[in-house]
Amino acid sequence: MTASSEYVDYETGAPAVDGKAPSGPVNERWDTRRFEAKLVNPANRRKHTVIVVGTGLAGGSAGATLAEQGYHVVQFCYQDSPRRAHSIAAQGGINAAKNYRNDGDSIHRLFYDTVKGGDFRARESNVHRLAQISVEIIDQCVAQGVPFAREYGGLLDTRSFGGVQVSRTFYARGQTGQQLLLGAYQALSRQIAAGNIEMHARTEMLDLIVIDGRARGIVARDLITGRIDTYFADAVVLASGGYGNVFYLSTNAMNSNATAIWRAHRRGAHFANPCFTQIHPTCIPRTGDHQSKLTLMSESLRNDGRIWVPKAKGDQRPPNEIPEAERDYYLERIYPSFGNLVPRDIASRAAKNVCDEGRGVGPGGQGVYLDFADAIRRMGRKAVEAKYGNLFDMYQRITDEDPYEVPMRIYPAVHYTMGGLWVDYDLQTTVPGLFAIGEANFSDHGANRLGASALMQGLADGYFVLPATINDYLARNPHKGGITAEHPVVQEVVAETEDRLNLLLAVDGDRTPDSFHREVGELMWEFCGMARTDAGLRKALERIPQIREEFWRRIKVPGTGEEFNQSLEKANRVVDYLELAELMCLDALHRSESCGGHFREESQTPDGEAARKDDEFAYAAAWEFTGTGTAPVLHKEDLVFEYVHPTQRSYA
Amino acid sequence: MKLTLRVWRQKNAGADGAMSTYEVDGISSDMSFLEMLDTLNEELILKGEDPVAFDHDCREGICGACSLVINGDAHGPERTTTCQLHMRSFRDGDTIDIEPWRASAFPVIKDLVVDRSAFDRIIQAGGYITAPTGAAPEAHATPVPKPDADSAFEHAECIGCGACVAACPNGAAMLFTSAKVNHLNVLPQGAPERETRVLDMVAQMDDEGFGGCTLTGECATACPKGIPLVSITSMNREWLRATRKVSR
């Protein structure tokens, strides 16, 4: 036992048990569950109301599909239109085991790659189901008119993606997320027009209503008028995305936030593996303190670009004046067999290491070169342009540097959160009637997500999994109606929400919401970012409650709650980041192993690679909330690997 | 850089608005236009003033939320979204006018934020292919010729920002509507609803109070995604064809 595993500021409770996962051969489990799940008579479905929070790939596809099935759907997004959810920014593609290339792909191989890619911290049952459904997703999207890239014969084109040896990624230029989201949005629009979905745009969920142990509704604020309203339902589905914005700077949209899932956590939904965050290696570095967000450059660039830094520390020469012999192509040097195509977590950590050594480039030394000079010599500028033209243009627009002439500068950035609300095989949280889908849940990616798998999971959950499993809950828990705004629990939740907003407005201090967000974000990046240590995490755990205390003393929010007030929206989201950050650090501290995106410096192999500790940590950590600043309860869900046997990853 | 900003301030939909003048200093040429506005807002909050409200989200040019008229141009002097415009496009000492989208179908909500829900209703009128989940045939059952697939993609790139409407002297939504009509009508999957789609979407567009098209072409010039003007011509042809076919 290392010192860190003796950290005791939490209690261990009963194990978390997935009571819905069927047994039997892994490839039959989804069929078994679908058959065992009870159904709701089509005529009775319209009597059931389902709330869906979020309209990204998961929420959009779930809302549309539930409405098609006959349920009455009430759906929410904070954006002015459901079409703007952040899934729209996904670039690369979507995986599916179609085996159109006849290159040896299969459902089993996609399953295998995903379990291994997740560094053996995901559930086999869930991942196998994901791989099975992947093929149906492509059919569904093509039928909706998603304009995937095609070959001259009119058939779908595919490409390869990070660390995988088959070509199974379907794409629509560099805008795959946009096109898939518009497909879901259009299906949603059709159901809105048909009167099956009551859509509330510019409306943000602020709390969950739990009555008699079941999720029965939400409290939401109309962002235009400031009015706080309650909405009731037979089940609530959270599709509100990930929590990467806790780091302040990330590739997430500016308004992506953790409030829906954190409020649900406070109401009883366990939060699993919060420390599993993905730092993407190829993002455009920040230029100064004014930076508001970071922009990703597709990982496909690593196919032809070579990553390097100067061999000497503090070398200030322009890149073109640094001779070949004085460059360190460090990925090619350390990982000769995988070179520049090592997985995301490895590439990110290596970049951090060379920058920590003082060999980083660009402003503040927080960058490494991604050089296409060799590719241009080898393939010609035209070919490079055809392959990467739009990415090069995007880079040039942001940095004002021409990547055809000067090497790109890149640096890792927070991109995706594998952790999220704990869900069972039915995607139901520990609060009966509350479901979590897409990035909001924790279920499929383990400790590291493979490229082109987020879109696959969002759409699998929304189009196929949830619409099948939610029937079972609704059939077993028939509609009882009768909940109104006068219910004492509802009044209490509304009062708490109003009190919180009023307090934010009343403090009238001297610091802006952004200044606190930035402070906690920088703390998280330093101590709970790419590499974590026992001492650093303890420091962060000491500091976060102090920031929280200062927040409630010094926050300044102008205006009132009864109007369009973006400062109030922001401040309220920061309240939740200041609690979530603490749980992330505690989870990172307790998990004194390295796995996937979670790298603990104390746990590495002699050659500096992540060392997993399967004997101690082959479980998902589901945390139960007990109060702000009080010790949470840890429920461990043991992970059993019957088909893919855990091995230490090696890329040298 | 030091700049003078003249910004449209309007408390809410019902209030009168006016241009207000602000000075900002210490602006870096590497900042995006929205980061420059963030700087202004941080100062306003600390002074106890109401920060300038504006729509924004992804800040990488794809969500379509940002929507500013800058010195009279939708999304400013370059052909991109406001969030991808950088301060290096301006000079120290410049005076910059910042206004919301101006169109009767896009009423102002507050300051620079407008209501674009009319676009959602145009899509709801027919901007989809009826393909309920689970009913899809195998993806390769219907090959799509590459030129058609490419053309569909080119139109599907529309981000629904509304710059086309803001730039149009008539406040027309023809480019937005035609982008979706062409995306879906060119595909074999979209063929069964080809006629109803264009008729219903155009009818909804008219109902929303957008102006008529006089082929001025400002829309295509302002479009950050390069939806071509010929898109409108194609939609007109689709509409004529549908009118004749339906009346037969």
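In the predicted model, A:Cys585 touches A:Phe527, A:Cys528, A:Leu537, A:Ala540, A:Leu541 and A:Ile544, residues up to four places away in sequence being left out. A:Cys585 is also among the residues with the most contacts inside the largest nonpolar core. That core has 274 residues.

Strand 11 of chain A pairs with strand 2 of chain A, residues 49-53, in the parallel sense over four bridges. Here A:Val52 stands opposite A:Val237. Strand 11 of chain A also pairs in the parallel sense with strand 19 of chain A, residues 434-436, over three bridges. In this pairing A:Val237 stands opposite A:Phe435.

Chain A also holds an open sheet of five strands, in the order 1-21-20-12-18 and with mixed pairing. Strand 1 (11-12) and strand 18 (420-421) of chain A form its edges, each pairing on one side only. A:Phe271 stands opposite A:Trp623 in strand 20 of chain A.

A further antiparallel pair is formed by strand 8 of chain A and strand 9 of chain A, residues 214-222, with eight bridges. Strand 8 of chain A, residues 203-211, is mostly covered: eight of its nine residues are buried. A:Met205 has A:Ala220 in strand 9 of chain A as its bridge partner. The two strands form a hairpin with two residues between them. A:Asp212 in this hairpin takes a positive phi near 50 degrees.

The domain assignment divides part of chain A into domain 1 (280-415) and domain 2 (486-619). Their centres, taken over C-alpha atoms, are separated by 30 Å. Five residues of domain 1 of chain A are in contact with five residues of domain 2 of chain A. On the domain 1 side, helix 9 of chain A, residues 344-356, gives the most, with four residues. By class, this side has one nonpolar, one polar and three charged residues.

For chain B, the domain assignment gives domain 1 (3-110) and domain 2 (117-247). Their C-alpha centres lie 29 Å apart. The contact takes 17 residues from domain 1 of chain B and 16 residues from domain 2 of chain B. The domain 1 side of chain B has eight nonpolar, seven polar and two charged residues.

B:Arg102 lies in the loop between strand 5 (95-100) and strand 6 of chain B. B:Arg102 is partly exposed because 15 other C-beta atoms lie within 10 Å, between the limits of 12 or fewer for exposed and 20 or more for buried. Its contacts, leaving aside neighbours within four places in sequence, are B:Val69 and B:Ala166. The C-alpha atoms of B:Arg102 and B:Pro169 are separated by 9.7 Å, although the two are 67 residues apart along the chain.

Between the chains, 66 residues of chain B are in contact with 61 residues of chain A. Helix 1 (33-46), strand 6 (108-110), helix 2 (117-124), helix 3 (146-156) and helix 5 (174-185) of chain B each supply at least two residues of the chain B side. Helix 1 of chain B provides the largest share, seven residues. By class, the chain B side has 31 nonpolar, 18 polar and 17 charged residues.

Over residues 1-7 of chain A, pLDDT stays under 50. The model has 11 contacts beyond four places in sequence for these residues. Where pLDDT is low, the predicted coordinates should not be read in detail.

Conventions
Residues numbered from 1 in each chain as written. Chains lettered and ligands numbered in written order. Predicted model: local features only at pLDDT ≥ 70, side-chain atom pairs only at ≥ 80, totals over all residues. Contact = placed C-beta atoms within 7 Å. Nonpolar A, V, L, I, M, F, W, Y, C, P; charged D, E, K, R; others polar. Domains from an automatic or database assignment. pLDDT = per-residue confidence, 0-100. Core = buried A, V, L, I, M, F, W, Y, C linked by C-beta atoms within 7 Å. Pairing = 2+ DSSP bridges.
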